[in-house]
Structure formats: structure tokens, C-alpha cells
Amino acid sequence: MKVGVVTFPGTLDDRDAARAATYAGTTAISLWHNDADLKGVDAVILPGGFSYGDYLRCGAISRFAPVMEKIIDAANGGMPLLGICNGFQVLCEAHLLPGALTRNHELHFLCRDQKLEITNNQTTWTSSYKVGQEIVIPLKNGEGSFQCDDATLAALEGEGRIIARYVGENPNGSRNKIAGITNERGNVVGLMPHPEHAIDPLTGPTADGLGFFTSVLIAMVK
Amino acid sequence: MALDTVAIAKANPDTNQPFAELGLKSDEYARIKEILGRRPTSSELAMYSVMWSEHCSYKSSKVHLKQFGEKAVKTDALLVGIGENAGVVDVGQGYAVTFKIESHNHPSFIEPYQGAATGIGGIVRDILTMGARPIAVMDPLRFGPADAADTRRVLPGIIAGVGGYGNCLGLPNIGGEVVFDETYIGNPLVNALCVGVMKHSDIKLAKAAGAGNLVVLYGAKTGGDGIGGVSVLASETFDATGPAKRPAVQVGDPFVEKVLIECSLEIFAEDLVVGIQDLGGAGLSCATSELASGGSGGMKVELDRVPLRDATLSPEEILMSESQERMCAIVEPKHIARFLEICEKWDVTVTVIGEVTDGERLEITWHGELIVDVPPRTVAHEGPVYNRPLAKPDYLDRVNAEVINVPRPETAAQIKETVLKLAATPNLADKSWVTSQYDRYVQGNTIQSQPDDSGMVRIDERTHLGVAIATDANANWSYLNPYEGAKLALAEAARNIATAGAKPLAVTNCLNFGSPEDPGVMWQFAESVRGLADGCLEMGLPVTGGNVSFYNQTGAVAILPTPVIGVLGVIDDVRIRTPMSFNRAGLELYLLGDTADDIAGSEWAYMHGQRGGKAPTADLQREMRLINLLVAGRTSQVFSAAHDLSQGGLSATLTEMVLRHNIGAVVEIENPGITLISESPGRVVVAIKPAQAAALTSLAEQNKITITKLGTTGGTSLVINGADISLTELRKAHSETFPKLFG
């Protein structure tokens, strides 16, 4: 199974996402922002970083990259798509997911080991977890505060589309402590913390993040 | 201003030139005239003035720095030595590692965010220029008193700048220092270290060889930022009545640098360059003259081809501009098409601005008119050299004779109060407020970062080879004895590598001092260099490069002499290392090394306003035996934990160990009035399983290191001689300081 990892100019965690996909037993394929070619991949990860320097708004320029047109079409057709951190911001800008990520409420970049509760394991990217399971993975961003209007929030809550919440103190002021959400179909997931940095306790706080990458493999095999 | 050409300079030899305003002394100006056989053109004057500034030419420090070469140990590990953009060290398995520290002190005082950000940007380009992929950064920082108003202005900006730039480049920040002292008010120190890795065959040098090869400028366009930044800012003492110098600070764009890194690495991977140089201090003046000096011939540059952000810039300004995120490469004509193609892929602006010639001159034209015609070595390497007067400063005998008078913790209540006060004092308090603004995870190879003794990164995922780096300075000791202070900082940095089990391999440095025109400061500098060179020779560690920052002084008050020493170590398998703390109860704690009444220069003395006394003497033979013990103990996995003792002594070390995994300890010590607060060098606390006691004893005997049993791990308190300090209370004291001070 082939997982594409997109590199925009300014992407930072592309090698990490590829490593995580490989650890999970899939084959990582590098996708270039300027090539409207998905190279036959079965799923795509939009990794973290500062694509286009976060100029204008985080993710606002990347959503117009040639590769995104193909990705948006494929995701609308059911292809699994995971956006991590900056990737989540791109998904919101591309309207594949609702809401927006704004500046952390304390106005600092924040890097810490963050406890999350998995609240939906019915998506392509979370099926390896149990609902209510607590995991610890790194959180690292300056603009990670999830915001949306009340109607959207009610819909996300009502439809169970919040896939993970922060446990304990709210690190960035996200509404309802939202760390990640999914689309109605469950194939597109956006997550602010970084599961790709928690695949091996040697280099991360835990190996708790690996489940996101094994989930998609299981989903595809099924 | 009319264009000043070589022809005009010849025809009008007596034109008045503003050499003094550009920072040149009259004898330096006379020497330029002698070299050229005529007055310089205004463009030549601009080039000489920036390249002969203290920052670029090392004119006051050169005579001392040559000891690093003269006293150097014979080693095969050093692949590229002092003189290139950064030294390169062989770490085995075909890998080479390059690392270097640079200062960005003066710009960071004026414009904290941009000053610190471009400090990171500059050192990262130095590492990239060697052909290496940058893999981590560290930032030793020093500020005025934590509660001073100006510190509240400077510190948040500097931290945000280090983070803002480094995070956006995708470089993990794996450590550093945050130290406060009165002398740094008005003179904050922003030192930035970068480390990079490459294969031996990928090493690149700054040389323009091969007539007909092309000079290629790529990266950001040139703007008016940072013009004269180096000469004006880094080479003059701040003066409260001076004019505003804000425009001389460079402004960075980390996104452009990130793209430049990836673009350059792709170019290097295809072996498309003959030589390469980044544009940092002194911009194009530096890059063209250094590249031409490094080659065999001359160079011709058409300056009007340089892409500009501001079309009104004069040729002098273009030559002096320190616009960030630019590189200059020497490319064979047959590779230029592919070079341009890679730049286009990354949307990087690229321009051929000239070519290498078989002559001996650096010739620069502006729309066809010759404006620079100089021997490049006279600009880049043959600047003035000063043997500045030295004099042992008056303060030394007086402060060395002072008797230290501090409270001595003897009773349980006093011990508890001392531990809590040391835990909370800004120099020793938890630095998470700072480090949580830095990305330590990116690239996925970080094994250790703050608050560990050293930063450690994996460089090979298959073999698990890694490198560790620590930076240290003890300015209080350097103030009392600069010779010993430099040696002690070297020993501490090496020890901080060894506690994890890595083997120290090479040294870099960033020497921060006051004005070299003050004989007392110059003496401090000379003694520090002599101490470091002697220390490196004795420990068998080569100095791979470094940086000197003078003029860190406001009026007559110089900063404490602050030689920051960085030590790089290698570890053959990062999976096997000794962690800094214990995560279970029932382990035995031992102190390795000897404790004397070393209160002079200690944090406890500083907290009580006592700056005098005599610094300890470095015993580097014993330090090396301790390092051997630590490295051997890691290999045979004797230790469950090991943590260095430095500022704050045993009290600070135990505090950091128990708080790391929230496991307490019960400890009994003799002479707590000394043992708890002394900062005697060459000491480490280790935790071992009881079954390893014989192995530890044997290691200690083999290496002739004193061991003293302290107690055992476990519980929810740190208990010292019956003084029960709950971990909750200790954590509160340790972690509240920074948020309270800086929000």
C-alpha cells in the first residue's frame, strides 16, 4: 500500500511522516506540490511545517498548489487523507474540513508532550485506537487554536466528528478542547498534534502515534 | 552621489573620504592606499571597511587565536580545520560532522526578535556552506537581571526570534543556556550553535578555482537591510547618546532560508559546485573576496547584475548589504544549466554575476565601469593585526582576596530553605517557559534535549550512530580567573557529553568580551584563550573553529568574560546511553568526585551579592579519568542515571534529578554547609541498581575517582539529612519563576 507525503516549499515534517508511514508497514511516496500527479498512491498525508512561510494565513497559499487539486478530488472520492498541524490548516483552507486554526491563546509557539483522548475510532485514520484511549504525542505549533461558529461546533459534536481532544489544561484555546476532526465520511482527518513524532520512544515521548498510520493500512486492506 | 570609479580615483588622488565614519583608523586608511597605490574608490573603501572591521578581521584577537593551531593535538579526526566557514570532524562510519557557534549580540540588543532570528539564520548557512545538512541548533543566551525592565523587553523577543526562525527551518533546538547577570544589561549575549552532517566526500570549501567558472548568486534579493551592520554594530561600543542604529539590523525570512537549504542540498547532491560561500557579515564584499582568495586566480563581477529589492541602492550599499538568505557558488559552465533548473524548481532567484579569471585581481564593474580592482587577499585575509596592550585588571587582586561570607545550611530547616531558594533562582529555575517555544522534535532524530546535560541527535537510523553537544561557560569563574575559567568551562562541557556516555571529540567556542581597547579586557581575553588552548591540548581535543565578540560593554562597564565552549561527542549507539535521571525507586545514589569548599563564584554566593574569592583550579587529568569512567560505565550499562554537578552544586543536581520523573530520594551528606552548595568541578551524581555497586567501585578504583554514597531513590520527597522537601513544593518553586517573570 502506497502513502503519498506532500512536500510544499516550507514543509518540515515530510521526512518524519514518511518514516512513520514506513514504520507502519506502508510504502511512503514523495509528492511534490507543483506536480499535479498523485503517482498512484492509496492515501495522502499533508505533513507539518510552514508551507509558503505561513504567509497570508497558514495553509492559505498551499491549498492552491497543483497537487492539491488532485488531492481534493481524490478525497471527495473517498481517498484517505490526513493533515497534521500545517496539513490540518491546509485542509481547513481547502474546505475539506470546517473551521480554522488561529493563534494559540497565549500567543507563543508551544512545543510539549500532549495528552489526548481519542473520541472517534470510526475513521480511516483512528481505527487502531479505542474510544476513550489516552495517548501522549508532541504538540508543536503557534497557530493551533481550533475555532468555528456555534452551528459548526454543534454539528461536529452531534455527528461525533471530533476525533481527539486535549486532556487537562487547554494548551491553545481550541473550542471544546478539539485536537482533531474528521469529515462526514471519515476519510479526511485533521489533527493538530504530531503522531509522526511519536512512533518510537527513542525519539518521541511514546510510540502512541503509530496507530494513525496502522489504521489507514488496516482500512485499505479491508 | 556620482559614481566613483578606479579611473576617477587615479585622477583625483586627494578627494576626502569618510574612512573614519566607516570605522577605519587613519593608519588603516593609509595602508589601503599603499596596497592599491592610489586612493580607494568609494566601493573599495566600503569593502575594506567592513572586511577590516573587528567582527570580520579578528584584528585584535588573531595574535592570540593562533594558539589553537600551535598547541593543537595531532588528530586524524579533524577533516577541515580553522579558517573555513566551520570545522569538520570525522565521527566514523563515513560520516563527517560540522558545528560552530556564532554571536549575534549587538543586533539582538537593538532589535531582539530579528537579531536573534538572523543569528540562527547566519550560523545555519555557515554549516550548510560546508556541504552539510543542518540537523540541530542550540542557543547559549545571557541577559541582565531577570527582574530588570530591559530584560523583560529583550528576553521574550530573543526567545521568540530563536524559535521563530529555527522552528520555521525545521531544525530541532536541542539545548542551550539562559543565564542572568547585571553586566549583561545593555549587552545581552545571543550565541547560536548549529550542527550539520554529511558524508566525507560531500565536504565543500570556499574557493573560486578554475578560470572561466561562473560566479553565481542565489537566494534572496539584495536590499538595504543590515548595511554596515557588522562594522557599525559589532565593532563599536554602545553609547547612550549615539544615534539610532536600527536600520543596521538585518531582517530575516526563515521561509526563504528553508527553501535555500533544500535547494542547496539538491545542488550539492549532484555535485554542481566547485566552491561555495554564504553571504553573512559583510555580504558580497566578504563572499567575493573570500572565494577569490581561496582560489588560484582572480574574479570578475558585474555588480549591476545583482537582483535588488530596492532599485535605488548604490554599488557601495550593494557591496555592504547584509541581506539574509543569500549564497554565492562557483559553478563550471557545463553544470550551470542544471544549477539554474534546480533553483527554478525551488523558486529561488539565481543570477550569474561574474566569472573566475586567471588574473590575480578581484575586479568589480558597475554598468561597464571598473569600480573595484583589488588583490582579494588584502581584503579578506591581510587586514590589520593588532597586538593590543594587555594589563592584569586592577579588580583582580582585590576580589581574589575577598573572604566569602554566605549563610551555611546546617539544620534541616536551613537545608530545606537553601534547596528551595536555589531551585527557584532565575539562573537555576526550570527553563520550560523558554524551551517550550522551540521545536525539539522535528526531523525525528532528537534523542536528548533540554533539560538533559547535552543535546543528542541520531545521525544514522540503521546503525544508531549519534552525536552529542553541550555548551558551557562559567563567567563568574572567568571573572575571578579567566585562565582557569576557560579550562573549567571546557571540562564542564566535556563532562556534560560524557554523562550520557558519549565520547568528547572536538571543541568550538564563542568568546564574548568587552572592549579590546581596554587592556584589562584584553588581558581577560588573552588568558581565556591561553586557558582554552592549554586545556584542549591536555584533553586531546582539537579546536575546530570559533567566533570572537568584542565590544560587549556599555560605557566603562564590560560584561563578565564569557567564553562559551561547545564540545561535540560521538556515541556509537544512541539506544545505549545513560539518562540524566532515574525513573524508579530503590536505586542507590552516589557522588563521583571530590568536594571542596568552592563557594567563590558559585550561584549561592552570587545570590548573596558575593562576587569575590578564588576560582577553583581545573584538574583536567582527573576530569579525563571521570569522563573515562562515565563512558566505560555506559558501555557496560552500570548506570541507571548520571547527572553533572555545576551551578547550584549538589542541591541543584538532586532537584533536577528528582523532578525529572517525579521520583524522590533520601540522602545523607556530611558537612551540608559545604556539600550542598559547593560548586567543586569534576563531579557527577549517578544512580545504580544495588547489584551494580561492585562494578561502580571497580570503575572508580581503575580511574582513581572518589565515590561517596548519598542515599537511595524513592518516595514523594527529596529528603536531605532529615529535611523533607515534598516534590510538589520543590516543583512549584522550580517551575514558577519564569512564568511569573515573563508571563
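1. Two strands are said to pair if DSSP finds at least two bridges between them. In this predicted model, strand 27 of chain B and strand 28 (residues 723–726) of chain B are joined by 4 bridges and run antiparallel. Within this pair, Ser717(B) has Ser726(B) of strand 28 standing opposite. The two strands form a hairpin with 2 residues between them. In the turn, Asn721(B) has a positive phi of about 50°.

2. Strand 27 of chain B (residues 717–720) is also joined to strand 24 (residues 665–667) of chain B, by 3 bridges. Strand 24 and strand 27 run parallel, whereas strand 27 and strand 28 run antiparallel. Val667(B) stands opposite Ile720(B) of strand 27.

3. Another part of chain B contains an open sheet of 6 strands with mixed pairing, in the order 1-2-3-6-4-5. Strand 1 (78–80) and strand 5 (173–180) of chain B stand at the edges; each has a single partner strand, so one side of each is left without a neighbour in the sheet. From one strand to the next, the twist averages 25°.

4. Which strand of chain B is joined to strand 1 by 2 bridges? The partner is strand 2 (residues 88–92) of chain B, and the two run antiparallel. Leu78(B) stands opposite Val89(B) in strand 2.

5. Helix 9 (residues 149–169) of chain B touches strand 4, strand 5 and strand 6 of chain B, and its direction makes about 175° with that of strand 4. Helix 8 (residues 112–129) of chain B lies across strand 3 (95–103), strand 4 (133–143) and strand 6 (189–199) of chain B. The angle between helix 8 and strand 6 is about 25°.

6. A contact between two helices of chain B also deserves attention. Helix 17 (residues 412–424) and helix 24 (residues 649–660) of chain B pack at an angle of about 75°, with their axes 9 Å apart. These helices of chain B are therefore roughly perpendicular to each other. Thr418(B), Val419(B), Leu422(B) and Ala423(B) in helix 17 meet Ser651(B), Ala652(B) and Thr655(B) in helix 24. The residues of this contact divide into 4 nonpolar, 3 polar and no charged.

7. Chain A has 5 helices and 11 strands. Its C-alpha atoms fill a box of roughly 40 × 35 × 35 Å, taken along the principal axes. For 222 residues, a compact globule would have a radius of gyration near 17 Å; the value for chain A is 15 Å, which agrees. Of the 222 residues in chain A, 60% are buried. Among contacts in chain A with a separation of 6 or more, 75% are between residues 24 or more positions apart.

8. Why is helix 3 (residues 86–93) of chain A described as largely enclosed by the rest of the structure? The reason is that 8 of its 8 residues are buried. These buried residues are Asn86(A), Gly87(A), Phe88(A), Gln89(A), Val90(A), Leu91(A), Cys92(A) and Glu93(A). What covers them includes strand 3 (43–46), strand 4 (81–84), strand 5 (100–102) and strand 11 (188–191) of chain A. Helix 3 of chain A is followed by His95(A), which has a positive phi near 60°.

Definitions and conventions: Residues numbered from 1 in each chain as written. Chains lettered and ligands numbered in written order. Predicted model: local features only at pLDDT ≥ 70, side-chain atom pairs only at ≥ 80, totals over all residues. Axes fitted to C-alpha atoms, helices over the stretch in contact; angles between N-to-C directions. Contact = placed C-beta atoms within 7 Å. Buried ≥ 20, exposed ≤ 12 C-beta atoms within 10 Å, placed from the backbone. Parallel < 35°, antiparallel > 145°, perpendicular 65-115°, else oblique. Nonpolar A, V, L, I, M, F, W, Y, C, P; charged D, E, K, R; others polar. Rg over C-alpha atoms; globule rule 2.2 N^0.38 Å.
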